[in-house]
Amino acid sequence: MSAENERWIAATAAALCTASRWLSAASLVLVGGALALLSMRASGVPALGAQAAVIALGAVQVYLAIRIEFDRAVFARAAASPAGFAGFDEALASLGWARGTPGTRTPESRTSGLHALVRRSAWLLCAQFTLVLASLWLP
C-alpha cells in the first residue's frame, strides 16, 4: 500500500470520527429529555424504566464517544505524518498498551474497528430514541 493511500484512509477515518459527534450530541439531548421526564415523576413504573434505560445507554454512549474521539486524534495524526501509524504503534508498545505484535494491524483493519464503534454508537442512539418514544406512550 502506498503511503498516500494510507494517509487518505487515516484522513477518512478521522472525518468519520468527527461526523460521529452528532450521534453523541443527539444522545445527550435524549438523556436530557429522559432526565426532564424523570423529574416530572408523573410516569408509571414502565415509563420510568424506559427513561432510566435511556440514561444508562447515554453513559455507554459517552464511553464510545471518548473512544471515538481518541481514535480521531490518532487517525488525524497518522494522516498528517509520513510515518503513518508506525509512531503510534511504537508509543503503544512503550506504554505497554499494545495488543499483539506492533505494526501488524493494517490501516484498513484499524478503520474497520473504528467503523464498528461508530455503528454501535448509532445503534445506541436508535435504542435511546425508541425508549424515549416508548416512555411517552407507556403508563
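T111 sits in helix 5 (helices are DSSP runs of H or I, at least four residues, numbered from the N terminus). With a relative accessible area of 19%, T111 is buried (buried means under 20%, exposed over 50%, partly exposed in between, with a 1.4 Å probe and protein chains only). Leaving out residues up to four places away in sequence, T111 touches I9, A13 and F75, where contact means heavy atoms within 4.5 Å.

Keep in mind that this is a predicted model: local features need pLDDT of at least 70, side-chain atom pairs count only at pLDDT 80 or more, and totals for chains, interfaces and linings use all residues. Residues are numbered from 1 along each chain as its sequence is written, and side-chain values use heavy atoms, without hydrogens and water.

Now for the charges. A salt bridge here is a side-chain nitrogen of Lys or Arg within 4 Å of a carboxyl oxygen of Asp or Glu, and the count comes to four. R110 pairs with D89, with the closest N and O atoms 2.7 Å apart. R110 is in helix 5 and D89 in helix 4, so this pair ties together parts 21 residues apart in sequence. R110 is buried at 7%, and D89 is buried too, at 10%.

E4 and R7 make another salt bridge, at 3.0 Å between the closest N and O atoms. Both lie in helix 1 (residues 3-19), three residues apart, about one turn of the helix.

Methods: Helix = DSSP H or I, 4+ residues; strand = E, 2+ residues; numbered from the N terminus.
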